[in-house]
Amino acid sequence: MTVRLILAKGREKSLLRRHPWVFSGAIARMEGKALSGETIDVCDYNGNWLASAAWSPASQIRARVWSWQQNESIDTDFFVQRLQTAQKLRDWLALRDNLDSYRLIAGESDGLPGITIDRFGNFLVLQLLSAGAEYQRATLITALQQCYPHCAIYDRSDVSVRKKEGLELTQGVVLGETPPELLPITEHGMQLLVDIQTGHKTGYYLDQRDSRLATRRYASGARVLNCFSYTGGFAVSALLGNCKQVISVDTSQAALDVARQNVELNGLDVSKAEFLRDDVFKLLRRYRDNGETFDLIVMDPPKFVENKNQLNAACRGYKDINMLAIQLLNPGGMLLTFSCSGLMPTDLFQKIIADAALDARRDVQFIEQFRQAADHPVLASYPEGLYLKGFACRVL
Ligand code: SAH
């Protein structure tokens, strides 16, 4: 008998709207005892079946829905079907945008809560982020082998969110070849080297692909400052867009070393590119004090907000760097600014930029809006899936 999770009275509303999470406070009782990650039935207060879900006893998100269909079992076929549905979108995207790498599974948004799979060429890189995802590891891998017989599988579940689920951090080859130190991938026709084993996240920030492409269109003739550059995707884009100069700044020397190689790999003029290991917050102030100016600034910081308590501090951080960037821009210059914090709403981010403009005593026009690329879809019933937003701002 499958263990049953009985919701408190009236707490079925979000599930009826197909939101895939059950929080601890919504549970009236458990009928039976489930192992961590095991599949359970979620029922309303009267015992009506609502969903099958993975049990996460250690997490505040106590259950994550696998299926809304009572007759669907969570087995290899289930994962094969979810993979096939996800793959269709990515096939279309790969053709449209000239790519060989994309997020194949974006967790909840692809109907597989807690599971991230990025595809880099013929390497599938997994992140299993929840107890349920971990519990299904072997089944998922069987499904992946079935769908992608030519692909190697590598695990990058070395992420701290696993601790909230009571899971250890893990990493390593699951199947097939060990990834090379740097794997070349194609994004909108440009070549980029990805370090699957030790790079950030699964190796590369796929979600910024379309903003990088947009950068090409703003770069012509510009002196560009690429803040938080990582491996220089925006720098390569700016060079492809014929910029005059691009300075990339990051605190990670390893990332900057790859950034330089990425410029060379695309046959671009390395003498136009500079790579600075520095703290963006400090560098912007130094540039301001020295009277440096730019025509285009890319501001793509790491996530500032991990939980709601950090939102105020994050607002100050975003305002600070954006105010400094606005001050550094020549009249008519462009600021491409981003927030990848899921807890930062788009309208609040826009307000922060407006406040930054006021403090910088410059007029700013919002002329384009960005979001995560289409291989990071947002499921209508799970709006939290939208985490990355950005604006192209013209500074007068
Ligand atoms: N724009 C990149 C992704 C940026 S991720 C791309 O297109 O791929 C954020 C980057 O900020 C990371 O590479 C991290 O090393 C860097 N970083 C974090 N804090 C920093 C700081 N204070 N100053 C400079 N770089 C920082």
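Tutor: Helices (H or I, at least four residues) and strands (E, at least two) are DSSP runs, numbered from the N terminus. The model is predicted, so local features need pLDDT of at least 70 and side-chain atom pairs count only at pLDDT 80 or more, while totals for chains, interfaces and linings use all residues. Residues are numbered from 1 along each chain as its sequence is written, and side-chain values use heavy atoms, with hydrogens and water left out.

Student: What follows helix H8?
Tutor: Glycine 267 follows H8, and its phi is positive, near 65°.

Student: How do you know what span to expect for H8?
Tutor: The expected span is 1.5 Å times one less than the number of residues. H8 (residues 253–265) has 13 residues, and from first C-alpha to last it reaches 18 Å, close to the 18 Å expected.

Student: Which residues of H8 are buried?
Tutor: Ala255, Leu256, Val258, Ala259, Asn262 and Val263 are. They lie on the same side of H8 because they cover an arc of only 160° around the axis; the arc is that of the directions from the helix axis to the C-beta atoms. These buried residues pack against strand S13 (190–194), helix H7 (233–240), strand S15 (245–250) and strand S16 (273–277).

Student: Why is glycine 199 called buried?
Tutor: Buried means under 20% relative accessible area (exposed is over 50%, partly exposed in between; 1.4 Å probe, protein chains only). Glycine 199 has a relative accessible area of 8%, so the word buried applies.

Student: Where does glycine 199 lie, and what is it in contact with?
Tutor: Glycine 199 sits in the loop between S13 and helix H6 (209–218). Leaving aside neighbours within four places in sequence, glycine 199 is in contact with Arg156 and Tyr230, where contact means heavy atoms within 4.5 Å. Glycine 199 and alanine 254 are 55 residues apart in sequence, and their C-alpha atoms are 8.8 Å apart in space.

Student: What makes a set of residues a nonpolar core?
Tutor: The members are buried Ala, Val, Leu, Ile, Met, Phe, Trp, Tyr and Cys residues joined through side-chain atoms within 4.5 Å. The largest such core has 40 residues, and those with the most contacts inside it are Phe120, Ile196, Val246 and Leu336. H7 gives the largest share of this core, five residues. Another core, of 35 residues, lies apart from it, with Ile247, Leu284, Ile321 and Met323 among its residues.
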